[in-house]
Amino acid sequence: MDSELDLLVVPDLPPVWLLDVDGVINARRPGWGRAARRADVWSQADRCEYPLRWAGALVDRIRTLHESGAVEVRWCSTWCPEADVLERLWRLPVLDRALVCDPVPTGELGWPVKLAAAHAVLAAGRTLVWTDDEAIPAGDRTLDRAVARGVALLIAPDPGRGLRPADLDAIEAFARRHATT
């Protein structure tokens, strides 16, 4: 694994942001100074509806960061097979999927798949932003070295609140540090 981080960061490419959904965007009390938005979303795979709650300002900032080229957002969620539903709901462009297995394993069974996606970003020489409320492991040597080198930013939000404005400020600052001019 050490050789993954010995690669040079690819210049002229923005950080890859691996974005989870539940507990990160979808949260019980997302706040952001305004009432949460709500929708019931049908999952064809699970054949049921899931209630979603999110902060409109959060989704707006994600969209702006991606569309401006500051970051390259990739879904890294059990929602990957049905992310098109979320893209329509939140008016996001079609984003790459970091997880291509269908179905994506849920809960702790999915954590190794997400970790492999994060390692793959770093192995490709890309800087990494990873936001996930549960799958970011403590003590992963590859991630720890990437953070120490300043080529990775890992954010594990409180799943009841999701990403907060300060988290997006940190992502924007990280992206600026790695911006190409």
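Helices here are DSSP runs of H or I with at least four residues, strands are runs of E with at least two, and both are numbered from the N terminus. The model is predicted, so to speak of local features a pLDDT of at least 70 is needed, side-chain atom pairs count only at pLDDT 80 or more, and totals for chains, interfaces and linings use all residues. Residues are numbered from 1 along each chain as its sequence is written, and side-chain values use heavy atoms, with hydrogens and water left out.

**View 1. Helix α5 and its end.** Helix α5 spans residues 141-149, and its buried residues (under 20% relative accessible area, 1.4 Å probe, protein chains only) are T142, L143 and A146. Looking down the axis of α5, these fall within an arc of 95°, taken from the directions from the helix axis to the C-beta atoms, so they line one face of the helix. On the face turned away from that buried side you will find R141 and A148, both exposed (over 50%; partly exposed lies in between). Just after α5 comes G150, with a positive phi of about 80°.

**View 2. The order of elements.** The protein has 6 helices and 7 strands. Starting at the N terminus, they follow the order α-β-β-β-α-β-α-β-α-β-α-β-α.

**View 3. Inside and between.** Of the 181 residues, 45% count as buried. Among contacts (heavy atoms within 4.5 Å) between residues at least 6 apart in sequence, 68% join residues at least 24 apart.

**View 4. The overall box.** Along the principal axes, the C-alpha atoms fill a box of roughly 45 × 35 × 25 Å.
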